[in-house]
Amino acid sequence: MTLPDPVDLAIPAFVALVLAEMVVARARNRRLYCPKDTLTSLMLGFGSSVAGLLAGGAVFALAGWVHDFRLVEIGWAWWAFALCFVLDDLAYYLFHRSAHRVRWFWASHVIHHSSQHYNLSTALRQTWTGFFSANFLFRLPLFLIGFPPAMVFFCAGLNLIYQFWIHTEVVGRMPRWFEAVMNTPSHHRVHHAVNARYLDRNYAGVFIIWDRMFGTFEPERDDERPRYGIVTQLGSFNILWAAFHEWIGMARDVWRAPGWRAKLGYMLREPGWSHDGSRLTSERIRALANHPRNGEGDQPQPGGGGASEASLTAPGSPPPPPSAAVTLPVPGRI
Ligand SMILES: [Zn+2]
Ligand SMILES: [Zn+2]
C-alpha cells in the first residue's frame, strides 16, 4: 500500500496558520514575530525538506530491509494504524529525550531550539542533519515488530503535523483533560524554555503521558514565563551556522580532548559535559539556580548542557547568573 506524505498535504495549512497567528498577535499588540527570525525559520524548514528528500530513499530502503526480519505479520487494519501511531509517539519520545541528553543527537536537534521567538514559524525549524546523526535508529524497532514502513512513515508524518500547532503563545491552556493527556502549547513552551526549572523537560510529541510516566514532566507556571532559545544563544540569523554550529563545536572539542575517553565523552555525554568540569550541564544550571551559593568560587563556563543549550563556549560571555534566569547571549553576532 502506498500512502501520501501527510506533511506535504499540510503545508498550505501551515502557511495559513502562520498568517492567522500574525494577525492575532498584531490584534493583541504582541510582538511574537521578528521578520529576520521568521525568514530564518522558513529557510531552515526548506533546507530540512531538501535534506529529507535526499535521505528519504536510504531510510525507506533500510526500513524495508529491517521489516524483512519482522517478528509478526501486521496488516493494515485500523487498530494497527492506531497502535502504530501510539508506539511511534513513544519512539519519538525516546528519540527526543536522547536528542537532548546525548550531544551527538543534540548537534542535529539544536536547530529546532535556536530561535529566541516562539511562534508557529519556529515549528518549521527542523534538522538538516538528522540522517547523518542516525535519528532513524529510534524507529527501527517498529519495523522489526512488523509494522509496514509506509504505515510508520505515515504515522510519523501525522505526529509532525500535530506538533506544528503547539508552537504558539496565542493559545494559553487547553481544557484540563486535554492538558493531562496531550502535548499542548503550554507543555511545549516549557520544552523550548531556557529557564533553569524548565530545562530538559517535556519531550513529548503528541501524548504528554510519556513525560508523566518517565518523570520528565514540568508544568508551565503562571509566575515564571518561559524565555526561549538555547542557553548559549545562537545570536545569528545565518542558516548555515544554525544548522552546523554544534557539529563544529563538537568536532573542535573532540579534536582538543585529551585521550579517547574524553573524545567519546564530547560526543556521547550530555551537552555541556566537559572532561574537566569547566562547563555547565542542565543539572548544574538547575542546581546553581536552586542553591546559588554552591556556584560561587570557580564557576564553570556556560558551554552546553541540557535541553536548550548549545555546546559552544561563548567567547567572552559571562558565567551564568546564580538564579533561575539563565540566559547567556553571545554578543556581536547578530
Ligand atoms: Zn527538543
Ligand atoms: Zn518544538
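Two residues are in contact if their C-beta atoms, placed from the backbone, lie within 7 Å.

**Figure 1. Overall fold of the protein, shown as a predicted model.** Among contacts in the protein with a separation of 6 or more, 72% join residues 24 or more positions apart. The secondary structure consists of 12 helices and zero strands. Of the 334 residues in the protein, 41% are buried.

**Figure 2. Close-up of helix 10 and helix 11.** Helix 10 covers residues 239-256 and helix 11 covers residues 260-268. Their axes come within 8 Å and cross at roughly 165 degrees. Angles over 145 degrees count as roughly antiparallel, and helix 10 and helix 11 are therefore roughly antiparallel to each other. The crossing of helix 10 past helix 11 is right-handed. Helix 10 contributes Met250, Asp253 and Val254 to the contact, and helix 11 contributes Lys263, Tyr266 and Met267. By class, four of these residues are nonpolar, two are charged and none is polar.

**Figure 3. Close-up of the largest nonpolar core.** This core has 32 residues. Those with the most contacts inside it are Leu44, Ile111, Val194, Ala242, Ala243 and Ile285. Helix 4 (103-109), helix 10 and helix 12 (282-290) each give two or more residues to the core. Helix 10 gives the most, with four residues.

**Figure 4. Surroundings of Leu44.** Neighbours within four places in sequence are left aside here. Leu44 is then in contact with Ile111, Leu124, Arg125, Gln126, Ile239, Ala242 and Ala243.

Figure 5. In soluble globular proteins, nonpolar side chains tend to be buried together.

Key
Residues are numbered from 1 along each chain as its sequence is written. Chains are lettered from A and ligands numbered from 1 in the order in which they are written. This is a predicted model: local features need pLDDT of at least 70, side-chain atom pairs count only at pLDDT 80 or more; totals for chains, interfaces and linings use all residues. A residue is buried if 20 or more other C-beta atoms lie within 10 Å of its own, exposed if 12 or fewer, and partly exposed in between; C-beta atoms are placed from the backbone. Axes are lines fitted to C-alpha atoms, for helices over the stretch in contact, and angles run from 0 to 180 degrees between N-to-C directions. Angles under 35 degrees count as roughly parallel, over 145 as roughly antiparallel, 65 to 115 as roughly perpendicular and the rest as oblique. A crossing is left-handed if the near helix is turned anticlockwise from the far one by less than a right angle, and right-handed if clockwise. Ala, Val, Leu, Ile, Met, Phe, Trp, Tyr, Cys and Pro count as nonpolar, Asp, Glu, Lys and Arg as charged, and the others, Gly among them, as polar. A nonpolar core is a set of buried Ala, Val, Leu, Ile, Met, Phe, Trp, Tyr and Cys residues joined through C-beta atoms within 7 Å.
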